[in-house]
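Here is a short report on strand pairing and helix packing. Look at the model first, then read on.

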Amino acid sequence: MTALKQYRKLESRGLWRDLPEAQKREVVVNLGDVSLVLSDPRSDVALTHWSLPAIRRANPGTLPAVYAPGEDATEILELDDADMIAALETVASAIASGRARPGRLRMAMLAGMLAAVLGVAVLVMPGALVRHTASVLPPATRADIGALALADLARLTGAPCANPGGTQALARLALRIFGPLRTPTLIVVREGVEDALALPGNLIVLSEALIAVPDGPEVAAGHALTQALRADVADPMIPLLQHAGTLATFRLLTTGIIGAGSVQGHAEPLLRTAPPRIPDEALLERFRTAEVPSSPYAFALDPTGETTLALIEADPWPKGPPRPVLTDEDWLRLQDICTG
């Protein structure tokens with residue numbers, strides 16, 4: 001965000017509480033390009049990360065400033081550092097300013113390329129238009145389309161599981177295995193999804209069955225890592241735009257808007273389509289970097305191990321990861337995500 005250039009690498013102390021009944025604890029607060037990272041001051045381990053556009057202040061004009069990671073979030077963060085408060089207020093003002101003039105910047109940027117794109121839409125194959133559109137969509141538009149895709153999927157799976165303690169544990173799982181940069185949003189659904197799938201907007205949907213296993217979070221983590229790699233190899237935006245059609249794709253490219261009706265029905269073929277195969281070498285490298293063992297995931301795919309032998313024999317962490325994928329407490333919270 002250009003509004004944050006003067007605050008790059010800003011750090012402060014704060015008081016954080018993850019649940020209403022929990023005690024506040026001191027944390028180190030780091031301001032990134034797209035997120036606020038809260039870490040343990042003793043171990044430097046990241047405890048959670050908050051998306052900057054979603055952060056809300058609960059007590060404007062009062063100190064210490066109290067923030068939450070969303071409208072209905074149970075977490076809070078108290079800050080009295082003037083620079084950090086000013087940075088967060090700058091973010092809020094920038095977002096509010098953008099909302100006050102919807103589409104103006106987007107339309108200005110797209111106006112210059114409209115003539116050339118019109119030729120593309122009329123003269124070339126629809127597949128080229130889809131690929132080009134997917135390649136130029138900004139993250140905010142991708143997030144909006146991902147929300148529409150998730151709503152369409154929910155017709156078949158039911159609403160995502162939303163137990164507060166479980167969703168916080170799920171966010172910490174995502175932060176643990178992907179790190180603070182472009183961390184996907186993990187979502188758990190009760191039914192309809194066999195294992196996991198990726199949606200546009202950096203969303204990864206996991207089946208509740210993956211967290212019902214007794215052994216630990218490694219299987220769910222493995223599926224999340226695999227889907228993230230698949231999304232890098234085959235952009236999930238492309239099949240969605242193919243489903244939406246040429247006119248809807250062209251309208252999206254020129255206006256930045258796609259209607260919910262264009263996305264409706266995308267979930268059915270998505271759930272029926274076999275995912276692209278990922279080379280074992282690339283997948284093992286993801287497990288190595290994420291510090292997650294690959295054997296639990298491999299045996300979950302094939303209990304005999306015959307078809308996943310490479311992931312078992314070349315497990316980068318055969319004796320267990322150097323740090324827990326989740327704490328025992330968070331694992332128990334995650335297993336309760338679909339309760340209540």
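## Pairing of β1 and β2

Strand β1 covers residues 11-17 and strand β2 covers residues 25-31. Six bridges join them, in the antiparallel sense. The model is predicted.

## The seven-stranded sheet

β1 and β2 belong to an open sheet of seven strands. Its order is β4-β3-β2-β1-β7-β6-β5, and the pairing is antiparallel.

## The three-stranded sheet

A second open sheet is described here, with three strands in the order β8-β10-β9. Its pairing is mixed. β8 (185-189) and β9 (196-199) stand at the edges. Each has a single partner strand, so one side of each is left without a neighbour in the sheet. On average, neighbouring strands are turned by 25 degrees against each other, direction ignored.

β8 and β10 (residues 203-207) run parallel, joined by five bridges. Within this pair, Leu186 stands opposite Ile204 in β10.

Which strands does helix α5 touch? Helix α5 (residues 139-157) packs on the sheet and touches β8, β9 and β10. Its direction makes about 15 degrees with that of β10.

Helix α7 (residues 218-233) also lies across β8, β9 and β10. Helix α7 runs at about 145 degrees to β10.

Methods
Residues numbered from 1 in each chain as written. Predicted model: local features only at pLDDT ≥ 70, side-chain atom pairs only at ≥ 80, totals over all residues. Heavy atoms only, no water. Pairing = 2+ DSSP bridges. Helix = DSSP H or I, 4+ residues; strand = E, 2+ residues; numbered from the N terminus. Axes fitted to C-alpha atoms, helices over the stretch in contact; angles between N-to-C directions. Contact = heavy atoms within 4.5 Å.
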